[in-house]
Amino acid sequence: MADTFLPYGRHQIDEDDIAAVVDVLRNGALTCGPQVEAFEQAFAHQVGASEAIVCSNGTTALHLAMIGLDVGPGDAVIVPTVTFLSTANAARMAGADVVFADVCPDTGLLTVETLKAAFARASSPIKAVLPVHLNGQCVDMEEISALCRAEGVAIVTDCCHALGASYKGSVTGAPGDGLFEDLACFSLHPVKSIAMGEGGVVTTSDSVLAARMRILRSQGMVRDPSAWQQAEAAFSPDSGEPNPWYYEMQELGYNYRATDLQCALGLSQLKKLGSFVARRREIAAIYDRQIEAHLNSVVPIPCTKLADSAWHLYPILIDFKAQKKDRATVMSELSALGVGTQVHYIPVSSQPYYEGLYGKQSFAGAERYYERVLSLPIFPAMSDDDVARVVECLGKILR
């Protein structure tokens with residue numbers, strides 16, 4: 001791979017993944033079939049959750065979590081401003097307001113201090129807090145959970161970067177296992193820990209809530225006769241049995257289903273999660289050593305002591321002013337050398353839509369993080385030489 005372009009992230013699809021999808025194409029239902037339930041059971045087992053609800057992508061997972069908790073108009077949710085757009089957008093899709101929280105300037109993570117400040121600024125009742133496990137690292141869920149429980153609000157963790165991570169606090173566990181959150185949301189986009197093409201999952205320990213979200217992901221269609229409300233239309237007047245074609249829509253739902261094709265790929269990929277994450281950790285460790293040895297102008301994102309990172313991303317911090325080069329120039333020069341990079345993320349509170357809603361806001365930690373961060377290539381198929389090549393290219397263009 002030494003002479004090829006290295007993107008910041010890339011999926012890894014092997015022959016067994018292809019065979020799993022082809023088998024569904026040849027023999028199975030393409031959607032609403034057995035692969036969906038099989039994937040849900042395997043995913044729940046993987047993260048240690050009681051229930052997993054698979055859906056079409058990470059954004060729909062977040063939206064299902066919001067409407068499952070009855071988040072809506074008049075409510076507000078707290079979201080760290082350094083995250084992907086969908087964390088905040090899901091709350092708006094449900095009709096709620098967003099109270100943005102600042103983050104640590106060096107890790108980009110929500111902290112208990114910045115969460116307290118967000119609670120203090122809120123003018124509407126807070127219904128939920130959405131901590132974001134950024135880059136593969138986890139927020140301090142023990143402290144944040146304690147604060148949220150004291151405030152009486154729900155916790156929905158955005159685990160889209162954190163599949164394969166594990167907690168190392170006084171209580172061990174994994175993001176999404178229900179230890180600290182009511183709901184957890186995952187993305188299985190191609191650059192994530194495993195790929196489903198597009199795909200999302202919500203995990204929970206609440207079986208009633210899980211059942212409701214499965215209904216909401218499929219147009220709100222209720223097929224359980226014991227839950228039907230219109231008995232005269234629902235049951236045969238002759239036999240008293242349920243009419244075989246009948247269903248009810250008792251609340252607004254959406255078409256957020258995942259297909260059997262996606263779930264077959266997800267099942268195959270899930271078997272390799274451990275090896276994928278292990279290789280990401282090896283790559284991150286090589287980066288750390290190479291940067292320490294050769295690049296004094298670059299600072300890797302500090303590792304927290306709270307968890308073993310899944311290393312979805314490998315971000316570094318660069319003082320671009322000291323380099324006398326703006327970030328776009330550095331990215332362009334790296335691209336010319338065959339190294340792809342990206343920025344994760346523009347603070348969501350600064351987007352025109354949210355400034356139009358809430359005015360211009362200032363978050364010192366987020367701004368300091370954003371002005372320095374750059375994501376380097378990291379994906380399981382990278383070789384040790386690829387990592388050395390990235391660091392060498394950085395050395396060529398940085399002071």
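Is Glu-355 buried, partly exposed or exposed? At 25% relative accessibility, Glu-355 counts as partly exposed. Buried here means under 20% relative accessible area, exposed means over 50%, and partly exposed lies in between (1.4 Å probe, protein chains only).

This is a predicted model, in which local features need pLDDT of at least 70 and side-chain atom pairs count only at pLDDT 80 or more, while totals for chains, interfaces and linings use all residues. Residues are numbered from 1 along each chain as its sequence is written, and side-chain values use heavy atoms, with hydrogens and water left out.

**Salt bridges**

Side chains of opposite charge can pair when their charged atoms come close. A salt bridge is a side-chain nitrogen of Lys or Arg within 4 Å of a carboxyl oxygen of Asp or Glu. The count by this rule is 18 salt bridges. Three of them are described here.

Glu-355 pairs with Lys-360, with 3.6 Å between the closest N and O atoms. Lys-360 is exposed, at 73% relative accessibility.

Asp-17 bridges to Lys-272, and their closest N and O atoms are 2.7 Å apart. Asp-17 lies in helix 1 (residues 15-27), and Lys-272 sits in the loop between helix 9 (260-270) and helix 10 (273-294), so the pair ties together parts that are 255 residues apart in sequence. Helices (H or I, at least four residues) and strands (E, at least two) are DSSP runs, numbered from the N terminus. Both Asp-17 and Lys-272 are buried.

Glu-40 is buried, at 6% relative accessibility. Arg-214 is partly exposed, with a relative accessible area of 23%.

**Pockets and the cavity**

On a 1 Å grid over the protein atoms alone, a cavity is a set of points where a 1.4 Å probe fits but cannot get out. A pocket is an open set with protein on both sides within 12 Å along at least five of seven lines. Lining residues have an atom within 4 Å of a point. Grid points are joined across faces, edges and corners, and a volume is the space filled by probe spheres set on the points.

| Site | Volume | Lining by class |
|---|---|---|
| Largest pocket | about 410 Å³ | nine nonpolar, 13 polar, three charged residues |
| Second largest pocket | about 310 Å³ | six nonpolar, three polar, six charged residues |
| Largest cavity | about 50 Å³ | five nonpolar, four polar, three charged residues |

For these classes, Ala, Val, Leu, Ile, Met, Phe, Trp, Tyr, Cys and Pro count as nonpolar, Asp, Glu, Lys and Arg as charged, and the others, Gly among them, as polar.

The largest pocket has 25 lining residues. Phe-84, Ser-187, His-189, Lys-192 and Tyr-345 lie nearest its centre. Helix 3 (58-68) and helix 4 (85-93) are the elements that give two or more residues to this lining.

The second largest pocket is lined by 15 residues. Helix 2 (34-47) and strand 1 (51-55) each supply at least two lining residues. Helix 2 gives the most, with five.

By the same rule there is one cavity of 30 Å³ or more. Its lining includes Arg-10, His-11, Gln-12, Lys-192, Phe-276, Arg-280 and Pro-380. Lys-192 also lies among the residues nearest the centre of the largest pocket.

**Strand 1**

Five of the five residues of strand 1 are buried, so the strand is largely enclosed by the rest of the structure. In a regular strand the side chains alternate between the two faces of the sheet. Here both faces are covered: Glu-51, Ile-53 and Cys-55 are buried on one side, and Ala-52 and Val-54 on the other.

Two strands pair if DSSP finds at least two bridges between them. Strand 1 pairs with strand 9 (residues 200-204) in the antiparallel sense, over five bridges. Cys-55 has Gly-200 of strand 9 as its bridge partner.

**Asn-243**

Asn-243 sits in the loop between helix 8 (231-234) and strand 11 (248-249). Asn-243 is buried, with a relative accessible area of 10%. Its side chain reaches the backbone oxygen of Ala-233 at 2.8 Å.

Key:
Polar contact = N/O pair within 3.5 Å; in protein donor to acceptor, adjacent residues only side chain to side chain.
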